[in-house]
Amino acid sequence: MARNENPEKEKAPVNGQAEAAPEETRTASPAVKRGPTVAKRSARKEARKAEDPEEKIETAISTTERYIIENGRTLLTVLAALVLLSGIVIAYKYMYIPNRAEKAGAAMYVAEQHFAEDSYDYALNGDGFNAGFLEVIDKYGSTPQGNIANHYAGISYLKLGDLDRAAEYLSKYKATKGVPNEMINAQNYGLQGDIHVQKGEYEKAADLYSKAVAAGNNSLTAPYYLKKLATVYDKLGRSGDALKALERILDEYPMSIEGRDVEKFIGAEEQKQ
């Protein structure tokens, strides 16, 4: 029997079936069919992760940890600077300021004695051995004692007849809170008003007397400056405003010194209406 010389021909299918087979295999490939399904499952898994609060927390923590690791040196520098700043603020508030206030109080003591004795030049400039108000202001102006020294200096200059310097130092005084300070605040505004009255500047005086009334709502200073305010309004030809100021004394402070005879001033103003 003769041997087939071409073995490949023996394996070749008849009628082109060998060429059709690969096409059928590609059509039935499971990878193509499963691709969209795997993608959908993966998308749903990622969506569940995004909605999972624990997953979000873990992600946030890992992000924070990574930031700390990457910026650790900078964060430590900033933290050290904040600690140092806090220490400086605490030391300034609880050590430096009280120490300066104590020194200012000691320096003020003799100057206040001179002031009480009407020795206004010594009170302002010192007596050669002890500081005066001006030195206290220069060295300790930021302390409460330095602030009140401005008020005392203004009064001293006023007593010495120097209206400009009196106004300068009185205006440097900053009103302070608290009932004990109300009278000083009111007096400060009132004295500035007095200076403007002496200069014939009645509008400015009226404004300052109004502030004096508001600064000390009590039976000592308020009626006193209400009466001065009425006098200034009268000089400005504002009789109606003067009458209101006098009537306020009668209504709110009838037992005050100014309230005792305020009715006659009210009558005089009513005559001008």
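Is Asp-234 buried, partly exposed or exposed? The legends below take up this residue and several others in a predicted model.

**Figure 1. Asp-234 pairs with Lys-272 in a salt bridge.** The closest N and O atoms of the two residues are 2.6 Å apart. Asp-234 belongs to helix 12 (residues 221-235), while Lys-272 sits in the segment after helix 15 (262-271), so this pair ties together parts that are 38 residues apart in sequence. Asp-234 is partly exposed, its relative accessible area being 29%. Lys-272 is also partly exposed, at 47%. Side chains of opposite charge can pair when their charged atoms come close.

Figure 2. Asp-207 has a relative accessibility of 41% and counts as partly exposed. Lys-211, at 38%, counts as partly exposed too.

**Figure 3. A salt bridge joins Glu-252 and Arg-248 in helix 13.** The N to O distance between these side chains is 3.1 Å. Both residues lie in helix 13 (residues 239-252), four residues apart, which is about one turn of the helix. Glu-252 is partly exposed, with a relative accessible area of 43%. For Arg-248 the value is 32%, and this residue is partly exposed as well.

**Figure 4. Glu-203, Arg-238 and Asp-241 are linked in a network of salt bridges.** A search of the whole structure finds 10 salt bridges.

**Figure 5. Helix 8 and helix 9 cross at roughly 160°.** Helix 8 spans residues 144-159 and helix 9 spans residues 163-172, and their axes come within 7 Å. An angle over 145 degrees counts as roughly antiparallel, and the two helices are therefore roughly antiparallel to each other. Their crossing is left-handed. Two packed helices are described by the angle between their axes and the distance between the axes.

**Figure 6. Residues of helix 8 meet residues of helix 9.** On the helix 8 side, the residues in contact are Asn-147, Asn-150, His-151, Ala-153, Gly-154, Ile-155, Tyr-157 and Leu-158. On the helix 9 side they are Leu-163, Arg-165, Ala-166, Tyr-169, Leu-170 and Lys-172. The residues of this contact divide into eight nonpolar, four polar and two charged.

Note on methods
Residues numbered from 1 in each chain as written. Predicted model: local features only at pLDDT ≥ 70, side-chain atom pairs only at ≥ 80, totals over all residues. Heavy atoms only, no water. Salt bridge = Lys/Arg side-chain N within 4 Å of Asp/Glu carboxyl O. Buried < 20%, exposed > 50% of the residue type's maximum accessible area, 1.4 Å probe, protein only. Axes fitted to C-alpha atoms, helices over the stretch in contact; angles between N-to-C directions. Parallel < 35°, antiparallel > 145°, perpendicular 65-115°, else oblique. Left-handed = near helix turned anticlockwise from the far one by under 90°. Contact = heavy atoms within 4.5 Å. Nonpolar A, V, L, I, M, F, W, Y, C, P; charged D, E, K, R; others polar.
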